Amino acid sequence: MTVYVLRRLAQTLLVLFVTSGLVFGGLYLVGDPVEILVNPQADQEERARTAAALGLDKPVLEQYGLFLKGMFAGDLGKSFVFGRPALEVILERMPATLELAFLAMLMSVGLGIPLGLYAGLYPDRKTSKAIMAGSILGFSLPTFWVGLLLIMVFAVQLGWLPSTGRGPTENVFGFSISIFSVEGLRYAFLPSLNLALFKLSLIIRLTRAQVREQALLDYIRFARAKGLPRSRVIGVHLLKNILIPLVTVIGLELGSVIAFAIVTESIFAWPGMGKLVIDSIFQLDRPVVVAYLLVVVFMFIMINLVVDVLYSALDPRVRIAEAK
Amino acid sequence: MIRPPRLLAAILLGVTVLSAQAQELSIGLSTPVTTMDPHFHNLTPNNSIAKHIFETLVHQDEQQALKPGLAESWRAVDSTTWEIKLRKNVRWHDGTPFTAEDVLSTLKRIPNVPNSPASFAIYMRPIVDAKAADPHTVILKTREAHPLLPNDLATIHIIPKKAEAMSTPDFNSGKAVIGTGPYKFAEYVSGDRVVLTVNDKYWGPKPAFAKVRFRMITNSAARVAALLAGDVQMIEAVPTADIENLRKDKRVSLASVVSNRIIYLHLDSGREKNSPFVTDAAGKPMEANPLRDARVRKAISKLIDRNAIASRIMEGEAKPAGQFLPETFHGTSRKLTPDKYDPEGAKKLLAEAGYPNGFGLTLHTPNNRYVNDEKISQAVAQFLTRGGIPTKVEAMPSAVFFSRGSKLEFSFLLAGWGAGTGENSSPLRSLVSTFDPKLGNGAANRGRFSDAGVDALVQTALTTIDDTKRGIMLAAATEKAVGELMGVIPVHYEVSTWGVRKGLAYKARVDQYTLAHEVKTSK
């Protein structure tokens, strides 16, 4: 097990190295950051000064070499736009994104599994059909459109919730968190709902399909024949067996909800990492984009690792084996 | 169906907005503010916030006319010496008095801000020496005659002497943000908001609001929704698509003005042959470069129906242009008017120039930089195609567009120019003067237009202290560069529009700054 985890971590380093090269090269090809950063009024001398101040006057391979050198010392470079360490800029925005992702996952898992179970257990009821129809809407409507619709209905027409932005934050273990207050939750509700809709639908459909499949299997029939109460058959036997595919999907979706909340964040003016990275791409703020993608890749690898370890906890038949 | 609650909500909102008004103002900004250091990144959103906290020696009013700021008066003693009288009895937010030493410290800090992506050093370069004659008089010496010194000073925010050695992080944390302006720094959360509180001891007119909260809402539909919901009382950069609906909405009113930004077409008049995106009428590569011929450029201008673009694509949020800046600005020509849509005249000019059958072009355009930039380009291309110059459009994000444009990879491009100085030498110098890194001319001349007559007029004007004489020279240079030679083809001036809740009023500014202390309650 330890060897397995260590080997995975070594692979992580390799992946990070390759990612950094790809992103660095890709952004270099896109364009010259000086053209975007300088004031349009700037003359040639000012442009040259900017290039020199940001180290963009050096050949690209030398720039990449310097970047790698810094990376192994834990320094991912300074943001061109903010003039601060890129990693610091990203980590500062992280709590906002994480709390949104957390609420969204809570909504989608908390609602999705019960609704999916219901729809799977009673497939012929009208409620089940309504749930399934709703879930089709949930993953087929574009996020930006639903987001604007939510704002128009709940903020503009009804005036119940604030339209955009993040509520007041409080300091929790050095992070500024907004969702521990009612006011903060009011701000976070619509964006996290918008973010949750797609995952919610996915989880409902996946749970239902699993339930329909597993409910017909022998072990369920046997458990019922043994005279176990219905709640135990569903809550323990069935649920545990449908969880394995769900955990994989939830894990991956958690990753994507953190990394790609870009659309929701920009519509709801939520000051998270997604909004930061989209601004950074437009401004060719290379250090921030590279650092962000490295953070995201690292996060995905870690989530996958946790999912693999969780498998063996859920299903004793799955053993994390030492590769030959 | 949702009527009753809507009415109820409107009443409730109305009540809360009214009671909160004199206290707090929330403003939705369209672009993120990236720093609190007024000398770090010369960018409109940053400068706009800085103007609340810090002040410049020379102020610009909503039409960019120069007004006394921290300087009571300024005058050119001789052609290279300027005497600037400072306002007395001005205090910094921490209570210390403002003196000439502060100005000198500011001038020393500006060229030395580490890692600055766009510094203010360009405005300082003409100054070779600065000293204080007495605590309230500053003497500035320029290398050669530099009549635009007051305009340049209008861009430089004065910081106190003790902040000279402060770093950009010190400013971002708020520690070093001490100004003389109408508002004091309260809070800055990167990517989210800036909060300011009123400076009770401000020397000028008192702002109407005790507290201002700027929220960065970059998505324009969300910004409009926030205004309609009453979460913010004012927004900048109202998107053209929503103008019509907002005009009808009783809850809000709009303030707009023809801005100092022109949208123009630049043509490759530099290369003698083999311009990269010029083909013959059949689409085969062509050796000759027709764009070098002023008659061809004029013909292209005549093929564009500017009124149609302004009314259909821009929904009235643009004014057809015949030169670089609207006539109200200094140094503009009274004679130039937008070219009329005249396909017959264009055909004649093309035939005269030796292209009766036309030729092919590709128009390159950014798609996320100017209002409706890609749509304007599509329209231009269709007008040209109809007029016998088959034109394709290639749109790309500005990050790609400007790098390629500056490397001269295009033959025909659409771009925009905002005259930061608020007068006509800025576009003349950057867009149509011969590219010359030594003089700092033609930095944005992506068509490499070059004309000795224009260069001479612009260079002489730039060292002519007399405002009237300089204005005449600049106007003459514009008439030659645009009217006669079509170095660039003006399309239209963008209109900038702000939306405010009923009960508030804002004087729309040509420089696109959103200034909370200029917001008035209209009662």
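User: In which sense, left-handed or right-handed, does α14(B) pass α15(B)?

Analyst: In this predicted model, α14(B) passes α15(B) in a left-handed crossing. A crossing bears that name if the near helix is turned anticlockwise from the far one by less than a right angle, and is right-handed if clockwise. Helices (H or I, at least four residues) and strands (E, at least two) are DSSP runs numbered from the N terminus. Residues are numbered from 1 along each chain as its sequence is written, while chains are lettered from A and ligands numbered from 1 in the order in which they are written. As the model is predicted, local features need pLDDT of at least 70 and side-chain atom pairs count only at pLDDT 80 or more, whereas totals for chains, interfaces and linings use all residues.

User: What makes α14(B) oblique to α15(B)?

Analyst: The axes of α14 (425-432) and α15 (452-462) of chain B cross at roughly 140° and come within 11 Å. Axes are lines fitted to C-alpha atoms, for helices over the stretch in contact, with angles from 0 to 180 degrees between N-to-C directions. Under 35 degrees counts as roughly parallel, over 145 as roughly antiparallel, 65 to 115 as roughly perpendicular and the rest as oblique. The angle of α14(B) to α15(B) therefore makes the pair oblique.

User: Which residues of α14(B) and α15(B) meet?

Analyst: Ser425(B), Leu428(B), Arg429(B) and Val432(B) meet Val454(B), Val458(B), Ala461(B) and Leu462(B); contact requires C-beta atoms, placed from the backbone, within 7 Å. Ala, Val, Leu, Ile, Met, Phe, Trp, Tyr, Cys and Pro count as nonpolar, Asp, Glu, Lys and Arg as charged, and the others, Gly among them, as polar.

User: Why are α7(A) and α7(B) called roughly parallel?

Analyst: α7(A) and α7(B), the latter spanning residues 220-229, pack at an angle of about 10°, their axes 10 Å apart. That value falls in the roughly parallel class, so the name applies. Leu148(A), Ile151(A) and Met152(A) are among the residues of α7(A) in the contact, and Ala221(B) and Leu228(B) among those of α7(B). This contact has 10 nonpolar, no polar and no charged residues.

User: How many residues of chain A are in contact with chain B?

Analyst: On chain A there are 50, facing 55 on chain B. The touching side of chain A divides into 25 nonpolar, 12 polar and 13 charged residues.

User: What makes β5(B) and β6(B) a pair of strands?

Analyst: DSSP must find at least two bridges between two strands for them to pair; β5(B) and β6(B) have six, in the antiparallel sense. The two strands form a hairpin with two residues between them, and Ala76(B) stands opposite Trp82(B).

User: Why do β5 and β7 of chain B count as edge strands?

Analyst: The open sheet of four strands has the order β5-β6-β8-β7 in chain B, with antiparallel pairing. β5 (71-78) and β7 (127-134) each have a single partner strand, so one side of each is left without a neighbour in the sheet.

User: How confident is the predictor in chain B?

Analyst: On pLDDT, the predictor's confidence in each residue from 0 to 100, chain B averages 92, with 96% of the residues scoring at least 70. Over residues 1-21 of chain B, however, pLDDT stays under 50. For the complex, the predictor gives an ipTM of 0.85 and a pTM of 0.88.

Technical notes:
Two residues are in contact if their C-beta atoms, placed from the backbone, lie within 7 Å.
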